[in-house]
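Biologist: I am new to this one. Could you show me how to read its features with me?

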Amino acid sequence: MMQQTGKPLAVAIMGPTASGKTAAALQIAGEIPAEIISVDSALVYRDMDIGTAKPSADERAAVPHHLIDILDPAESYSVMQFRQDAMRLVAEISARGRLPLLVGGTMLYFKVLRDGIDALPQADPELRARLDEEAARLGMPALHARLATIDPETAARLKPNDSQRIQRALEIHALTGQPMSQLIARAPKEELPFDLLPLSLEPSDRSVLHARIATRFDAMLAAEGGLLEEVRFLRARGDLHLGLPSMRCVGYRQAWEYLDGTIDFEELREKGIAATRQLAKRQLTWLRSMPDRTVVDCLAPDAASQLLDLTRRALADRENQVR
């Protein structure tokens with residue numbers, strides 16, 4: 001039972017990629033007046049529908065969705081922007097008498113929403129330029145290996161080619177002499193203006209989730225106007241490149257490399273599936289650091305119904321405590 005605080009309730013539906021988060025949220029919203037706030041760093045971008053498994057037009061028409069298609073792929077979206085937008089949306093949705101459903105797999109967004117923005121040092125232009133030079137000379141995997149020696153916890157959560165976050169973590173260590181993970185752990189937590197019910201869809205058998213990931217990626221490639229056509233359209237603009245956060249999304253980088261001719265179709269498929277599995281692994285690592293979450297087996301045939309029951313129970317408990 002959640003303690004009644006007088007604050008509105010929001011429900012977080014978390015989980016790795018391909019765990020059924022969207023379907024579960026839609027089932028809940030079909031039974032309880034609700035609106036969905038996307039917690040996904042890829043869904044913010046317009047014209048990136050197939051590779052992000054974006055909810056369909058019909059799904060978005062059936063239930064109000066927020067923080068989807070709000071940016072051009074050439075733009076960036078920070079965790080601070082997400083937190084500000086999510087806090088505003090939770091307040092607005094609650095004021096309309098509806099239940100906010102925070103749905104997605106960008107675990108850093110969930111952490112920042114719950115804990116606030118850490119008091120980390122501002123970027124240092126001179127240091128950043130030096131790190132850029134080292135990245136160009138040594139390669140990003142070498143900088144990732146350096147990060148693993150000074151901040152293994154942060155390095156374990158980042159891909160070796162995640163240049164933006166690797167350089168930021170190295171920059172913070174150079175400026176403070178301390179690992180970013182330690183600074184974040186010691187940061188004071190901010191109290192949310194709403195109660196959050198954290199629900200997590202996680203697999204009892206990871207191999208089954210891996211099979212789901214492969215099937216979904218194959219479907220993205222095989223669909224009419226699928227992933228490759230989507231990336232061809234984005235490349236044709238002429239202003240996008242692999243250094244942008246949007247083009248570093250899983251699947252898009254591999255499709256871009258295929259269209260560049262640096263990998264063949266089979267490598268595209270293998271690398272895309274492998275990258276998606278690695279993403280799921282990182283998401284599950286983040287989830288294990290959230291001990292207060294309620295876990296539901298995403299492989300259970302009634303997983304969505306279980307989340308609906310947990311949500312109904314939380315709402316009923318709040319009503320009973322008011323009485």
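Biologist: In which sense do S2 and strand S4 pair?

Modeller: Two strands pair if DSSP finds at least two bridges between them. Here S2 and S4 (residues 99-103) pair in the parallel sense, over five bridges. Alanine 34 has leucine 99 as its bridge partner in S4. Helices (H or I, at least four residues) and strands (E, at least two) are DSSP runs, numbered from the N terminus. This is a predicted model, where local features need pLDDT of at least 70, side-chain atom pairs count only at pLDDT 80 or more, and totals for chains, interfaces and linings use all residues. Residues are numbered from 1 along each chain as its sequence is written, and side-chain values use heavy atoms, with hydrogens and water left out.

Biologist: Over how many bridges do S2 and strand S3 pair?

Modeller: Two, again in the parallel sense, with S3 covering residues 65-66. Opposite isoleucine 36 stands histidine 65 in S3. Between S2 and S3 the chain passes through helix H2 (residues 57-62), a right-handed β-α-β crossover. Right-handed means that, with the strands pointing away from the viewer, the path from the first strand over the helix to the second runs clockwise.

Biologist: Why is S2 largely enclosed by the rest of the structure?

Modeller: Buried means under 20% relative accessible area, exposed over 50%, and partly exposed in between (1.4 Å probe, protein chains only). Five of the five residues of S2 (residues 34-38) are buried, so the strand is largely enclosed. In a regular strand the side chains alternate between the two faces of the sheet. From S2, Ala34, Ile36 and Ser38 point one way, Glu35 and Ile37 the other way, and all are buried.
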